[in-house]
Amino acid sequence: MSNPTADTTVAKDTKSKGNSYKRRIAGDVVAYIFLTIMAIIWLMPIVWVFLESFNKNTQPYQSTFFPTKYTFHNYVQLFTETDVMNFPRMFLNTLVIAIFVCIISLFFVLSVSFCMSRLRFRGRKTFMNIALILGMFPSIMAVIAVYFILKAFGLTEGGFVIIALILVYSAGSGAGFYVMKGYMDTIPMSLDEAAYLDGCTKWQVFTKIIIPICKPMIVYQAIIGFLTPWLDFVMAKAIARTQDNFTVALGLWQMLQKEYINQWYARFAAGAVCVSIPIAILFIVMQRFYQESMSGAVKG
């Protein structure tokens, strides 16, 4: 004979499991609906800018949200009609600045981080505290002072503006060493000591041991070093005074001024799409190196 109490307990457990499964399914459905809505909200501006870059109507105010007629002429005009705004020149200026700043800032950050993490010397903690305090102040506070310093050295006129922007963006990058230093602190000091016993110099330890291990952080720092001048507006606006020295951020801002917006609005969207291409390529390339370095670190 079956036990009624046992049967009741089994029935209750089955019902409880069924209710738990239904609640989990309902929670997953709600989560996916929420994530889908957020993805649509996040992607909508990107899709709109991309479609607007092909809009045949160049006027900023239209009756429909998405364009109704499309053309590739905006991209052609952006790179061929340079008498009013020389976008290819602005694009090249920004690319040159971003590449140099990426390389210089990466070397500065790696060098300072190595000194702060692996070496011990008088004034080390004081320097780190000063750098931490100065990092709390926004860089925009120093724009006027930086401009007049550059003006005193004659770097605010002509072709020297590009050099001035490279100096400004890369000069203070070494102060942002805390993230890289924190990563280097996780590397065992026994590796350094073993290398020193084998006769390695500090430079050899830095280049042959520390840098290969720090590849994930090097990828991160390279991306940050490239994006800083590529996306910056405030410092470029303060230093660059003529269109010959404009960066893409200043060029896009100029296209939205009242004397240009009616003719350049669609080309502004095309320029925004062109600006995003190097950033996308950088992320794709660097992501591959990041994955390789992380897989190598796990295997090690």
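Biologist: Is Glu81 buried, exposed or partly exposed?
Modeller: This is a predicted model, and the value is computed from it. Glu81 has a relative accessible area of 34%. Buried means under 20% and exposed over 50%. Glu81 is therefore partly exposed.

Biologist: With which residue does Glu81 form a salt bridge?
Modeller: The closest N and O atoms of the pair are 3.2 Å apart. A salt bridge needs them within 4 Å. The partner of Glu81 is Arg267.

Biologist: Where do Glu81 and Arg267 lie, and how many residues apart are they?
Modeller: Glu81 is in the loop between helix 2 (73-80) and helix 3 (87-118). Arg267 is in helix 13, residues 261-299. The pair links distant parts of the chain, and the separation is 186 residues.

Biologist: Why does Arg267 count as buried?
Modeller: The cut-off for buried is under 20% relative accessible area. Arg267 counts as buried because its relative accessibility is 6%.

Biologist: Over the face of which residue does Arg267 lie?
Modeller: Arg267 also forms the salt bridge with Glu81. Its distance from the ring centre is 4.1 Å. The ring belongs to Trp264.

Biologist: Which residue has Lys202 over its face?
Modeller: Lys202 lies at 5.6 Å from the ring centre. The limit for a charge over a ring is within 6 Å. The ring is that of Tyr196.

Biologist: Which residue forms a salt bridge with Arg118?
Modeller: The closest N and O atoms are 2.9 Å apart. Arg118 is in helix 3, and its partner is in helix 8 (residues 189-197), 74 residues apart. The partner is Asp192.

Biologist: Are Arg118 and Asp192 buried or exposed?
Modeller: Arg118 has 7% relative accessibility. Asp192 has a relative accessible area of 1%. Buried means under 20%, so Arg118 and Asp192 each count as buried.

Biologist: What separates Asp185 and Lys181 in helix 7?
Modeller: Asp185 forms a salt bridge with Lys181, with the closest N and O atoms 2.7 Å apart. Helix 7 spans residues 178-185.

Biologist: Which residue counts as buried at 9% relative accessibility?
Modeller: Asp185 is at 40% relative accessibility and counts as partly exposed. Its salt-bridge partner is Lys181. The buried residue is Lys181.

Biologist: How many salt bridges does the count come to?
Modeller: Among them are Glu81 with Arg267 and Arg118 with Asp192. Asp185 with Lys181 is also one. The count comes to three.

Biologist: How many aromatic pairs are there?
Modeller: Rings pair if their centres lie within 6.5 Å. By this rule the count is 17.

Biologist: Is the pair of Phe54 and Tyr75 stacked, edge-to-face or tilted?
Modeller: The ring centres are 5.2 Å apart and the planes are at 45 degrees. Phe54 lies in the loop between helix 1 (4-52) and helix 2, and Tyr75 in helix 2, so the pair ties together parts 21 residues apart in sequence. Both residues are buried. The planes make the pair tilted.

Biologist: Is the pair of Tyr265 and Phe268 stacked, edge-to-face or tilted?
Modeller: The pair is 6.5 Å centre to centre, with 25 degrees between the planes. Tyr265 is buried at 16%, whereas Phe268 is partly exposed at 23%. Planes under 30 degrees apart count as stacked. The pair is therefore stacked.

Biologist: Which residues form one aromatic cluster with Phe79?
Modeller: The cluster includes both Phe and Trp.

Terms used:
Residues are numbered from 1 along each chain as its sequence is written. This is a predicted model: local features need pLDDT of at least 70, side-chain atom pairs count only at pLDDT 80 or more; totals for chains, interfaces and linings use all residues. Side-chain values use heavy atoms; hydrogens and water are left out. A salt bridge is a side-chain nitrogen of Lys or Arg within 4 Å of a carboxyl oxygen of Asp or Glu. Helices (H or I, at least four residues) and strands (E, at least two) are DSSP runs, numbered from the N terminus. Buried means under 20% relative accessible area, exposed over 50%, partly exposed in between (1.4 Å probe, protein chains only). Rings of Phe, Tyr and Trp (its six-membered ring) pair if their centres lie within 6.5 Å; planes under 30 degrees apart count as stacked, over 60 as edge-to-face and the rest as tilted. A charge sits over a ring if NZ of Lys or CZ of Arg is within 6 Å of the ring centre and within 35 degrees of the ring normal.
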